Amino acid sequence: QVQVVESGGGLVQAGGSLRLSCRASGSIVRINTMGWYRQAPGKQRELVATIDSGSGQINYADSVKGRFTISRDYTKNTVDLQMNRLKPEDTAVYYCNADINTRDMLKTYWGQGTQVAVSS
């Protein structure tokens, strides 16, 4: 069994900061890519930032470059998203995503989501 759990969402004024955290636990052999996606009301889920464990490559959506920073702790199976200079258009449910090898399979896991609301 594998679990992916997010924390750290909330309500903040425009220009403020929030930090999201995500931890994967369970029968994990290896975690490959971990990252964050978001879904605003009436919109499709979109990539925010990802980080690959093998290459270390980091990808950001253009809309968050220079404001958000993704980081991983490989010893704790966690991925964090530091969000600075938040804008009302960042309002969404943020989901943690992880590509995880267990003993039997490679599978993509999603967290339950955490709400981020930015007021103008």
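Tutor: A polar contact is a pair of N or O atoms within 3.5 Å, where, within protein, one atom must be able to donate a hydrogen and the other to accept it. Keep in mind that this is a predicted model.

Student: OK, which backbone nitrogens does the side chain of Glu 6 reach?

Tutor: The Glu 6 side chain reaches the backbone nitrogen of Cys 96 at 2.8 Å, and that of Gly 113 at 2.9 Å.

Student: Is Glu 6 buried or exposed?

Tutor: Glu 6 counts as buried because its relative accessible area is 4%, and the cut-off for that word is under 20%.

Student: And what is Glu 6 in contact with, leaving aside neighbours within four places in sequence?

Tutor: Its partners include Ser 21, Cys 22, Trp 36, Tyr 94 and Gln 112. By comparison, Ile 28 lies 22 residues from Glu 6 in sequence, with 17 Å between their C-alpha atoms.

Student: Which strand holds Glu 6?

Tutor: Glu 6 sits in strand S1, which belongs to an open sheet of 4 strands, ordered S1-S3-S8-S7 with antiparallel pairing. Strands S1 (2–7) and S7 (68–73) are the edge strands, each pairing on one side only, and the twist averages 15° from one strand to the next.

Student: How many bridges join S3 and S8?

Tutor: Strand S3 (residues 18–26) pairs with strand S8 (residues 78–83) over 6 bridges, and Arg 19 stands opposite Gln 82 in S8.

Student: Changing topic, what do S9 and S10 form?

Tutor: They form a hairpin with 4 residues between them, the antiparallel pairing of S9 (residues 92–101) and S10 (residues 106–110) running over 5 bridges, with Asn 101 opposite Leu 106 in S10.

Conventions:
Residues are numbered from 1 along each chain as its sequence is written. This is a predicted model: local features need pLDDT of at least 70, side-chain atom pairs count only at pLDDT 80 or more; totals for chains, interfaces and linings use all residues. Side-chain values use heavy atoms; hydrogens and water are left out. Two strands pair if DSSP finds at least two bridges between them. Helices (H or I, at least four residues) and strands (E, at least two) are DSSP runs, numbered from the N terminus. Axes are lines fitted to C-alpha atoms, for helices over the stretch in contact, and angles run from 0 to 180 degrees between N-to-C directions. Buried means under 20% relative accessible area, exposed over 50%, partly exposed in between (1.4 Å probe, protein chains only). Contact means heavy atoms within 4.5 Å.
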